[in-house]
Amino acid sequence: MIRQVRLISIGMLVFICFLDMAQANTGPSFVERFFEANQAYKNHQYQQAADGYIHLIENGYENGPVYFNLGNAYFRLGDLGRAVLSYERARLLIPRDGDLAFNLSHARNQTQDTSSDPQMSSFSDFLGLGSLNRYEVFFGFVLLNALFFTLLCIRLYKKTEWTYYLSIFLAIVIGIGGCAWALKWVAWAGDNRAVVLSEEVVVQSGPDSRDTVLFKLHAGTVVRVERTENDWTLLQLSKDKRGWAESNQLERIIKRTDL
Amino acid sequence: MRKTIPVILCFLLLPLFTVWAADDVTVTLRLDRLETSLSDTVRMEIRVSGSRKSDDPPVLEGLASFLVTNGGTSSRVEIINGKVSSGVDYTYFIQPKKTGTFKIGPIRVTVDGKIFESESHTLVVRKATQPGGSDPGPVFVQASVSSRDIYVDEQVLYTLKLYYRVNVGNLSLGLPEMEYLHFQQLGRPLEYSSTYEGLAYQVLEIRHALVVSKKGDIHITPSRMKMTVRQPGSRSRFDNFFNDPFPGFSSGRPLTLTTDPIDLHVHALPEDGRPAGFTGIVGSFQMTSTLAPSRLKAGDSATLTIQVKGRGTVNRIPDLDLPEMDSVRTYSDQPVLETGQDRQGIVGTKTMKWALVPEIAGEYKVPPLSLSFFDPETKQYHVLNTPPHVLSVLPGEAEKRIAVLNSLPGTSNTGEGTLKKEIQQLGEDILPIHTDAVDLTVPFRSLAKGWVFWLALVGPLCMYLILLASLRVQRLTPERLAQSKAKKAFSVLRRRCKKDPMGYADLITAFKDYLNDRCGLSMGTLTADDAERILGDQGVNAETAKKMHSLVEQFETALYAGNTFNDAEAVGKLLDLVKRIEKDMS
């Protein structure tokens with residue numbers, strides 16, 4: 001029976017890895033398109049490169065390097081807003097990438113507005129998880145979960161002292177890991193940041209073009225979106241800087257379709 | 001009694017006489033001497049008779065050349081030869097400022113709006129008796145300086161000595177006040193006995209440090225010393241009592257003494273040999289310096305301490321500047337100046353400290369620091385220099401890492417002692433795109449999507465539950481149940497035996513059930529022979545089987561023929577034997 005349990009456990013891990021490998025096997029067309037876009041970038045055909053990266057993203061090949069490269073292409077095109085947006089999206093997937101941190105910082109320095117950068121919830125940094133993306137955190141939780149229940153299965157047949165203490169330890173760790181994953185997930189789902197895309201966005205006191213102009217924002221500035229009404233978005237920069245702007249002039253970092 | 005009554009009446013009527021006497025007001029001026037010297041004080045008494053008060057204080061004339069000190073006011077009532085008179089006396093002490101013949105008075109006193117005048121007196125003032133030939137007097141004061149030929153800002157001693165042979169008190173000192181003279185008293189006054197011109201005196205010595213900040217011939221005006229002199233008189237104790245009934249409260253005679261003026265010749269500081277950076281310090285100074293530790297690791301701190309101490313214008317000791325040192329950061333501490341005084345003048349010490357933090361290993365020479373001053377004794381400028389200090393710096397932890405990196409192939413060795421520089425930003429741009437296709441996967445993303453997400457999340461739990469359920473099902477088969485029963489047979493028996501009360505029939509039944517469970521049997525009744533046979537078949541020791549046979553027989557006998565041993569004993573015997581059976585069967 002123990003052999004059966006072992007086989008099931010190994011099978012599950014192989015299954016997980018297989019799924020990952022299946023996802024890694026992206027096919028020659030994806031790689032070809034990726035290299036084509038890269039080549040266009042190197043040839044200073046930035047618009048062509050950007051189109052190539054966008055094509056990949058729209059076809060489901062959404063990953064950190066593609067967003068990073070897209071950000072670079074936009075930056076070269078002088079589209080600071082979309083560059084920051086792409087870098088921010090890449091950061092959600094490859095948060096530990098040093099090049100990305102450098103380029104994002106550089107792009108932010110180019111923005112005209114000196115507003116403070118609205119970060120994701122501080123809970124996302126719980127246990128230093130800010131350097132992990134949500135998939136990695138979830139995998140950690142799943143692994144711990146699998147180990148815990150595998151251990152419980154072993155204990156059904158052989159109750160030893162070490163499995164008892166190990167199961168208690170794993171139960172505690174899995175509790176902490178579960179909290180971390182939940183917080184990471186909540187922070188991601190509640191991330192309402194958006195990036196100003198237009199060169200200049202007029203922020204008004206109401207969702208009407210005749211309302212009073214409060215202030216102006218410029219491309220690349222990251223704001224928080226409170227709600228959307230028709231084609232208008234209520235955004236907030238700080239406690240005393242909030243107002244309405246046309247929705248087509250900014251874009252959320254987290255696409256609503258991802259949620 | 002007849003004589004006493006008029007005396008009492010006289011005292012009672014005294015105010016009436018006083019009023020009557022006021023009509024005859026006279027003012028009398030009295031001087032205790034008509035010839036005096038500059039160092040003496042003359043007692044001047046103004047007696048107003050016929051009135052015990054005046055409208056205003058007396059107006060004194062002819063006293064422009066005198067120092068006047070008020071000696072107090074007293075009222076009096078006199079009965080002389082039966083005649084009663086009253087009055088008020090004003091006492092002044094006058095001290096001449098210069099020699100000559102002076103007319104003192106008249107003194108005008110206003111009583112009830114009327115002005116009354118006194119007579120005048122002539123007072124001759126002569127020079128004070130010079131010490132050297134004749135008696136200098138019972139009290140005199142002298143001033144002296146340690147040198148009359150000095151330099152600007154040189155410190156000299158200005159000494160005042162009060163000689164006295166009488167009781168003096170209430171001393172106060174007035175020093176010359178000139179803007180270029182700076183006095184500072186040195187310690188408390190000294191009191192000692194001395195002999196002057198063959199006469200014994202008590203001496204009060206007060207020392208001052210004097211600094212003159214102006215060149216040329218300087219005339220120091222006299223210092224003044226005010227005091228109260230109490231000179232014992234020759235009158236009898238009886239007289240003293242009536243003149244001064246409260247001797248302890250006597251104010252004595254005020255006296256003001258002046259010193260002779262002093263002339264100084266003050267030289268300017270010489271231009272020849274004046275060092276560059278001379279800051280005007282005059283006196284005698286020494287400079288010491290220490291560096292501790294002189295051997296340390298890069299990044300650690302050493303302390304350079306410089307002390308300048310000496311006598312003179314210590315307040316002008318400058319804060320020295322330590323020059324910049326290559327690869328050594330310097331942090332200066334707040335300089336501390338401590339001043340003091342002794343009998344010879346003002347002394348002081350200035351302590352300056354620097355923290356030296358070398359950045360890289362090597363030998364560093366601490367640049368010498370210098371201080372120049374003018375010494376009036378040698379009449380020369382002197383320059384003090386700190387001794388050369390060498391700071392030996394060993395590689396620090398941070399520098400060791402750099403040294404290791406420098407020694408790696410492909411890195412340039414900058415050499416020991418090379419200065420590190422701030423990295424200069426020459427341009428700004430983004431870093432290039434990612435080109436490696438291996439990095440294109442998002443690890444574990446497939447786990448977090450669709451049915452895989454739920455499988456990964458609840459799969460292990462489901463697996464556990466399935467295994468748990470299958471185990472439960474397995475336990476319900478007859479073989480597993482029989483095994484389970486056999487395993488639990490002894491504990492079931494033991495539990496039943498604990499029931500109270502337990503009859504012999506119950507014991508036989510319990511043992512029968514035990515055998516059924518333990519051996520997988522289904523006996524309805526149990527005899528002693530059955531028990532021995534079954535146990536023998538199950539591999540139980542023959543002796544144990546026989547004992548059990550015997551015990552079952554006893555139970556049967558007891559059940560049908562009468563009780564032969566108590567219940568507890570029977571239960572104990574049964575359980576003991578079953579325990580042996582368990583051991584044999586296991």
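Val111(B) stands opposite Lys114(B) in strand 8 of chain B. Strand 7 (residues 108-111) and strand 8 (residues 114-117) of chain B pair in the antiparallel sense over four bridges; strands count as paired if DSSP finds at least two bridges between them. Their hairpin has two residues between the strands, and Asp112(B) there takes a positive phi near 50 degrees. This is a predicted model: local features need pLDDT of at least 70, side-chain atom pairs count only at pLDDT 80 or more, and totals for chains, interfaces and linings use all residues. Residues are numbered from 1 along each chain as its sequence is written, while chains are lettered from A and ligands numbered from 1 in the order in which they are written.

**Confidence**
- The model scores ipTM 0.77 and pTM 0.42.
- Chain B has a mean pLDDT of 79, and 83% of its residues reach 70 or more; pLDDT is the predictor's confidence in each residue, from 0 to 100.
- Residues 10-22 of chain B have pLDDT below 50, and this stretch has 11 contacts in the model beyond near neighbours in sequence.
- Residues 407-417 of chain B stay under 50 too, with nine contacts beyond four places in sequence.
- A contact here means C-beta atoms, placed from the backbone, within 7 Å.

**A three-strand sheet in chain B**
- An open sheet of three strands has the order 13-18-19, with antiparallel pairing.
- Strand 13 (167-174) and strand 19 (253-258) stand at the edges with a single partner strand each, so one side of each is left without a neighbour in the sheet.
- Neighbouring strands of this sheet are turned by 25 degrees against each other on average, direction ignored. Axes are lines fitted to C-alpha atoms, for helices over the stretch in contact, and angles run from 0 to 180 degrees between N-to-C directions.
- Strand 18 (residues 224-230) pairs with strand 19 over six bridges. Lys226(B) has Thr256(B) as its bridge partner in strand 19.

**Nonpolar cores**
- The largest nonpolar core has 68 residues; Tyr53(A), Val84(A), Tyr87(A), Phe138(A), Val195(A) and Leu447(B) have the most contacts inside it.
- Helix 7 (residues 134-157) of chain A gives the most to this core, with 14 residues.
- Apart from this core lies another, of 48 residues, among them Phe285(B), Val314(B), Tyr364(B) and Phe374(B).
- A core is a set of buried Ala, Val, Leu, Ile, Met, Phe, Trp, Tyr and Cys residues joined through C-beta atoms within 7 Å.
- Buried means 20 or more other C-beta atoms within 10 Å of a residue's own, exposed 12 or fewer, partly exposed in between, with C-beta atoms placed from the backbone.

**Chain A**
- Chain A comes to eight helices and seven strands. These are DSSP runs (helices H or I, at least four residues; strands E, at least two), numbered from the N terminus.
- Of its 259 residues, 36% count as buried.
- Helix 5 (residues 80-93) of chain A is mostly covered, with 13 of its 14 residues buried.

**Backbone details**
- Gly105(B) and Pro106(B) are joined by a cis peptide bond, with omega about 0 degrees. Pro106(B) sits in the loop between strand 6 (100-104) and strand 7 of chain B.
- The peptide bond from Ala292(B) to Pro293(B) is also cis, with omega near -10 degrees.
- His44(A), not a glycine, has a positive phi near 65 degrees. His44(A) counts as exposed because it has 9 C-beta neighbours inside 10 Å.

Definitions and conventions. Two residues are in contact if their C-beta atoms, placed from the backbone, lie within 7 Å.
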